[in-house]
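Please read these notes with the model open beside you.

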Amino acid sequence: MDCAVITGAASGIGRACALRLATTGATVALLDVNGAEDTRREVEERGGKAAEYAVDVTDDNAIREVIGRLPAAPRVLVNAAGIIVRKKLLDCSVEEWRRVVDVNLTGYFVLLRNVIPAMADAGGGSIVQIASIAGHTGYGFSSYTAAKGGVLALTKQLAAELAEHRIRINSVSPGVVESGLNRDTLSNQAIRTATVDNIPLGRLGEPDDIARVVAFLAGPEADFVTGADLVADGGMISTIHWGNAGAELHSFHSEDR
Ligand SMILES: NC(=O)c1ccc[n+]([C@@H]2O[C@H](COP(=O)([O-])OP(=O)(O)OC[C@H]3O[C@@H](n4cnc5c(N)ncnc54)[C@H](O)[C@@H]3O)[C@@H](O)[C@H]2O)c1
């Protein structure tokens, strides 16, 4: 039986990916810095199989040890563990910058370098990296945006490098999704309303909106897709530079006619 390794599995998008990938019959290996007990229990209550590991994704030795004792060969990897520091560049300390890049970019590298050999030995597989619209647009905070831009570039690079091992790698760029990462920000009603106003589909994302896209990219339906980024943001980056100005422009010209 195959195994799907998911980081950040205790919360938000990683948790939703675990619940969804468990329905494919794979054993889900749930990695999170403080373990993922609730997610494991939820997977098992729904009839799935899970193993849980309390591990920091930046700790290469600990990740190597975890990957060495997975219950089955890893055929799927979802890199989702992430943190954010909401500071402009000049307010961001070197320690804060390093921590954000360390978890959000180097942590992905640590998983990749430890999982890829086992995945290749098993005959190949599929990797999905959670990036962000921040990596495309600058809608974010500098350390986070830089790390996510790195994830997008790394994914494209690896599509070429990993094809010979029959491994596909793609990324998903979520827009604004309600999760542990932004619960505090979205509890501010003014920010919440302004955010939803900038989403053409008129709502915030749910973790499972992203998990369904991850499941598609990880699965056989996407077996000719590698090196791609799939934006799942309710249309946000297609309009973000316009915002309300876009609506005003359209109404101005319709009045002209
Ligand atoms: N929520 C959004 O709006 C949004 C948008 C774009 C991208 N993302 C990305 O989605 C991914 C998942 O975030 P989320 O929104 O579900 O947030 P979340 O806070 O709900 O989940 C992140 C998980 O990562 C874990 N984690 C943090 N540092 C870790 C470490 N060093 N080692 C192991 N685990 C660690 C946390 O414990 C947590 O369970 C992140 O990469 C995030 O950048 C989120």
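1. A salt bridge is a side-chain nitrogen of Lys or Arg within 4 Å of a carboxyl oxygen of Asp or Glu. In this predicted model, E178 and R192 form such a pair, with their closest N and O atoms 3.0 Å apart. The two residues belong to distant parts of the chain: E178 sits in the loop between β6 and α7, while R192 is in helix α8 (residues 189–197), 14 residues apart. E178 is partly exposed at 30% relative accessibility, and R192 is partly exposed at 23%.

2. Salt bridges with shared partners also connect R20, R203, D208, D209 and R212 into one network. The count for the structure comes to 18 salt bridges.

3. Another of these pairs is D184 with R86, at 3.9 Å from N to O. D184 is in helix α7 (residues 183–186) and R86 is in the loop between β4 and α4 (94–121), so the bridge ties together parts that are 98 residues apart in sequence. D184 has 52% relative accessibility and therefore counts as exposed, whereas R86, at 31%, is partly exposed.

4. K87 pairs with E96, and here the closest N and O atoms are 2.6 Å apart. K87 is partly exposed, at 30%, and E96 is partly exposed, at 22%.

5. Which residues touch the most other members of the largest nonpolar core? They are I6, V28, V78, I130 and V172, out of 35 residues in that core. Elements that each supply at least two residues include β1 (3–7), β2 (27–32), β5 (125–130) and α6 (142–162). The largest share, seven residues, comes from α1. Apart from this core lies another, of 28 residues, with Y53, M119, L158 and L162 among them.

6. S173 belongs to strand β6 (residues 167–174). Is S173 buried or exposed? S173 counts as buried because its relative accessibility is 0%. The side chain of S173 makes a polar contact with the side chain of D229, at 2.9 Å. Beyond neighbours within four places in sequence, the contacts of S173 also include A131, H136, L152 and V231.

7. Last, the cysteines. A search of the whole structure finds zero disulfides. For C3, the nearest cysteine sulfur is that of C17, 14 Å away. C3 is buried at 1% relative accessibility, and C92 is buried at 15%.

Key: Residues are numbered from 1 along each chain as its sequence is written. This is a predicted model: local features need pLDDT of at least 70, side-chain atom pairs count only at pLDDT 80 or more; totals for chains, interfaces and linings use all residues. Side-chain values use heavy atoms; hydrogens and water are left out. Helices (H or I, at least four residues) and strands (E, at least two) are DSSP runs, numbered from the N terminus. Buried means under 20% relative accessible area, exposed over 50%, partly exposed in between (1.4 Å probe, protein chains only). A polar contact is a pair of N or O atoms within 3.5 Å; within protein, one must be able to donate a hydrogen and the other to accept it, and residues adjacent in sequence count only if both atoms are side-chain atoms. Contact means heavy atoms within 4.5 Å. A disulfide is a pair of cysteine sulfur atoms within 2.5 Å. A nonpolar core is a set of buried Ala, Val, Leu, Ile, Met, Phe, Trp, Tyr and Cys residues joined through side-chain atoms within 4.5 Å.
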